[in-house]
Amino acid sequence: MCLAIPGKIVSVKDEIALTDFGGIRKDINISLVDAKKGDWVLVHVGFAIQKIEKLDLD
Amino acid sequence: MKQTEAKIRNAAKGISQATIMEVCGGHTSVIMQYGLRKMLPENVRLVSGPGCPVCVTSQHDIDCILALALNKVKIASYGDVLRVPGTRMSLDQARSKGADIKEIYSVNEILGSDYVLFAIGFETTAPMTAIALKHKTEVYCAHKLMIPPMRALLNGGLKIDGFIIPGHVSAVIGSNEWEILNVPQVISGFTPENILNSIEKLLILISRRKKIVVNNYDKVVFPDGNKKAKKIMLDYMRVVDSEWRGMGNIPLSGLDVKNPKYNAKRKYADILANVKSKESSDCRCGDVLRGIICPEDCALFRNSCTPKSPKGACMVSAEGSCNIAYRYGLIR
């Protein structure tokens with residue numbers, strides 16, 4: 001349940017953002033954040049929970 | 001790694017004995033997988049607390065969902081909880097008897113559908129339930145809040161000198177929220193390096209008696225967290241008393257749905273009123289969750305209780321201490 005991974009938003013339609021996770025792309029619900037194309041977000045169970053800077057998570 | 005071990009040993013120098021607790025299934029898993037306890041000096045004990053959302057869900061809630069499912073209510077649930085044994089059977093077993101139980105990865109899959117969401121999890125997962133409610137999905141809400149049980153543990157029998165704080169719960173609620181516990185705390189991410197560094201920082205706080213919160217995951221955790229997510233949670237849900245497996249009722253430690261129209265506990269109250277639960281007397285999941293025993297202290301561990309035939313929630317969930325200990329080795 002704690003698993004959350006960073007991804008980069010490729011495109012947005014309404015509350016769904018096509019998000020890139022190191023080459024794999026998935027539709028993510030961004031209604032919990034204010035994010036736009038090009039933003040990096042932290043994703044948990046199909047939702048962005050926080051907008052973040054691009055980072056190495058070490 | 002030798003350097004890290006030395007740093008931790010150094011940080012623990014001024015301390016006669018310290019017990020630190022982590023309260024996150026994600027942390028439990030990395031700690032076990034990488035054998036991080038071996039890096040700790042003899043005067044430091046790292047225990048696992050109630051950080052597994054599936055494990056702390058009460059037997060009663062499992063039985064209630066079972067009652068709904070066996071009464072032809074369509075249920076949607078996150079995966080792990082399906083195999084937790086209820087008083088009579090697990091949700092998975094109910095499914096094989098014909099109950100319509102849909103395993104979901106995300107509530108996105110059921111927004112506005114006629115499935116009732118079995119909403120478990122902590123503050124990381126509660127905002128998603130709020131979105132489901134916004135889309136007129138019915139919810140059986142069993143969400144729990146992290147801080148109240150930690151306060152209860154601090155006032156309980158086990159001496160806890162500090163906490164390693166869950167990074168993703170913190171991403172939602174913010175680093176400021178934890179200050180109320182008034183005990184040394186370090187918010188940690190999920191790599192082994194970050195966790196070890198967080199432990200080192202925590203030991204320094206403990207040795208200097210500094211009851212503050214240090215944010216060691218600051219690229220993701222901000223002081224106020226995600227305000228939008230917090231607001232929507234409280235728009236659709238209210239804080240209520242909640243029953244925790246192994247800890248009993250903890251005041252104001254859970255969430256329930258505000259709007260009775262989408263609150264499955266109200267809508268199906270007649271079915272739920274007849275649910276009677278009885279936990280297994282041999283299963284010591286409750287003691288494991290409170291950090292009182294390690295999995296291997298339980299007589300059932302690796303005997304009658306294994307991931308294939310789990311006797312309790314801690315062995316079912318991938319974030320449960322017993323499941324993790326079984327897969328990666330002993331705690332001690």
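What follows is a short chat about the fold of chain B in a predicted model.

Trainee: How many helices and strands are there in chain B?
Mentor: Chain B has 15 helices and eleven strands. Keep in mind that the model is predicted.

Trainee: And how compact is chain B?
Mentor: Its radius of gyration is 20 Å. The globule rule gives 20 Å for 332 residues, so chain B is as compact as a globular protein of that length.

Trainee: What does the C-alpha trace span along its principal axes?
Mentor: About 60 × 45 × 30 Å for chain B.

Trainee: On to sheets. What is the strand order in the open sheet of five?
Mentor: In chain B the order is E2-E1-E7-E8-E9. The pairing is parallel.

Trainee: Which strands are the edges there?
Mentor: Strand E2 (44-48) and strand E9 (213-215) of chain B. Each of them pairs on one side only.

Trainee: What about the twist?
Mentor: From one strand to the next, it averages 20°.

Trainee: How many bridges join E8(B) and E9(B)?
Mentor: Three, in the parallel sense. E8(B) covers residues 185-188. To find one in the viewer, pick B:Gln185: its bridge partner in E9(B) is B:Val213.

Trainee: What actually holds strands of a sheet together?
Mentor: In general, strands pair through backbone hydrogen bonds, either parallel or antiparallel.

Trainee: Next, the open sheet of four strands. What order does that have?
Mentor: E4-E3-E5-E6 in chain B, with parallel pairing. Its edge strands are E4 (101-104) and E6 (138-141) of chain B. Neighbouring strands are turned by 30° against each other on average, direction ignored.

Trainee: How many bridges between E5(B) and E6(B)?
Mentor: Four, and the pairing is parallel. E5(B) is residues 116-119. At its end, B:Ala119 has B:Cys141 as bridge partner in E6(B).

Trainee: Which strands does helix H6 of chain B touch?
Mentor: E3, E5 and E6 of chain B. H6(B) is residues 126-134 and packs on the sheet. Its direction makes about 165° with that of E5(B).

Trainee: And which strands does H4(B) lie across?
Mentor: H4(B), residues 59-70, lies across E3 (75-78), E4, E5 and E6 of chain B. It runs at about 150° to E6(B).

Trainee: Back to H6(B). At what angle does it pack with H10(B)?
Mentor: About 55°, with the axes 8 Å apart. H10(B) is residues 227-236.

Trainee: Which residues meet?
Mentor: From H6(B), B:Ala126, B:Pro127, B:Ala130, B:Ile131, B:Leu133 and B:Lys134. From H10(B), B:Ala229, B:Ile232, B:Met233 and B:Tyr236. By class, that contact has nine nonpolar residues, no polar ones and one charged.

Trainee: New pair: H2(B) and H15(B). How far apart are the axes?
Mentor: 9 Å. H2(B) is residues 25-33 and H15(B) is residues 321-328. They pack at an angle of about 20°.

Trainee: Why call them roughly parallel?
Mentor: Angles under 35 degrees count as roughly parallel. At about 20°, H2(B) and H15(B) therefore qualify. The crossing is right-handed.

Trainee: Which residues make that contact?
Mentor: B:Gly25, B:Thr28, B:Ser29, B:Met32 and B:Gln33 in H2(B). They meet B:Ser321, B:Ile324, B:Ala325 and B:Tyr328 in H15(B). The division is four nonpolar, five polar and no charged.

Methods:
Residues numbered from 1 in each chain as written. Chains lettered and ligands numbered in written order. Predicted model: local features only at pLDDT ≥ 70, side-chain atom pairs only at ≥ 80, totals over all residues. Heavy atoms only, no water. Axes fitted to C-alpha atoms, helices over the stretch in contact; angles between N-to-C directions. Helix = DSSP H or I, 4+ residues; strand = E, 2+ residues; numbered from the N terminus. Parallel < 35°, antiparallel > 145°, perpendicular 65-115°, else oblique. Left-handed = near helix turned anticlockwise from the far one by under 90°. Contact = heavy atoms within 4.5 Å. Nonpolar A, V, L, I, M, F, W, Y, C, P; charged D, E, K, R; others polar. Pairing = 2+ DSSP bridges. Rg over C-alpha atoms; globule rule 2.2 N^0.38 Å.
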